[in-house]
Amino acid sequence: MTTSAPSAEHRAILRYLTSERNHIREIISGLPEADLREPRVPSGWPILALFQHLTWDMDFFWFRCVIAGDTDAFAKLDARPNAWKFDPATSTDSVLAAWEKGIEEANAIFLSTDLDAAPGWWPTEVFGDWRLDSNREVLMHVLAETSCHAGHLDIVREFIDGRQFLVLPDD
């Protein structure tokens, strides 16, 4: 971790990650709660399960556990149910609030991170020999995964009501 002001590279990465997160917010904007809860893909996950995944398996795991090296947090993560399995008794507000809180915590960790340093912890028991060697690589991985999931949500939203994002019109 570093205590200096965020670098231009930090600000650029955060700008792109924030853009993807804002896109995700826009994708679900205006959807009735039932559409957030109903499975829309053959594997059976509803939109709220994807938010749980973004909260726990992306922001919490990669920032708090891996970059910050909080192995106690990993034990907490390991003890919770699979993020892709959505409990219908869970409130929509609590899922979305947890995601927003997770973003705040992840951003704070990110902005104090030395991009060239090795991650604070690496879960070899989860990934075996595969490894990201620097915090920069971890951050690029999170950006790519968040962007990928935004694309998943684009498709799900189009299936729900036909709304499309960033699609060029036919000429």
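Contact here means heavy atoms within 4.5 Å. The views below come from a predicted model, in which local features need pLDDT of at least 70, side-chain atom pairs count only at pLDDT 80 or more, and totals for chains, interfaces and linings use all residues. Residues are numbered from 1 along each chain as its sequence is written, and side-chain values use heavy atoms, with hydrogens and water left out.

**View 1. Phenylalanine 63 and its contacts.** Leaving out residues up to four places away in sequence, phenylalanine 63 touches Leu17, Arg21, Met58, Ala68, Ala106, Ile109, Phe110, Leu139 and Val142. Phe63 also belongs to the largest nonpolar core, where it is among the residues that touch the most other members. Such a core is a set of buried Ala, Val, Leu, Ile, Met, Phe, Trp, Tyr and Cys residues joined through side-chain atoms within 4.5 Å.

**View 2. The largest nonpolar core.** This core holds 46 residues, and Ile47, Phe51, Phe61, Trp62, Phe63 and Cys65 touch the most other members. At least two residues each come from helices H1 (8-28), H3, H4 (71-79), H5 and H7 (135-161); H3 gives the largest share, 14 residues. Helices are DSSP runs (H or I, at least four residues), numbered from the N terminus.

**View 3. Leucine 17 in helix H1.** Leucine 17 sits in helix H1 and counts as buried because its relative accessibility is 5% (buried is under 20% relative accessible area, exposed over 50%, partly exposed in between, with a 1.4 Å probe and protein chains only). Beyond four places in sequence, leucine 17 touches Phe63, Val142, Leu143 and Thr146. Leucine 17 and threonine 146 are 129 residues apart in sequence, yet 7.6 Å apart in space, C-alpha to C-alpha.

**View 4. Asparagine 107 in helix H5.** Helix H5 (residues 92-111) is where asparagine 107 is found. With a relative accessible area of 17%, asparagine 107 is buried. Setting aside neighbours within four places in sequence, asparagine 107 is in contact with Leu14 and Arg21.

View 5. Is cysteine 65 buried or exposed? Cysteine 65 counts as buried, at 0% relative accessibility, whereas cysteine 148 is partly exposed, with a relative accessible area of 37%. Taking a disulfide as a pair of cysteine sulfur atoms within 2.5 Å, the count comes to 0 disulfides.
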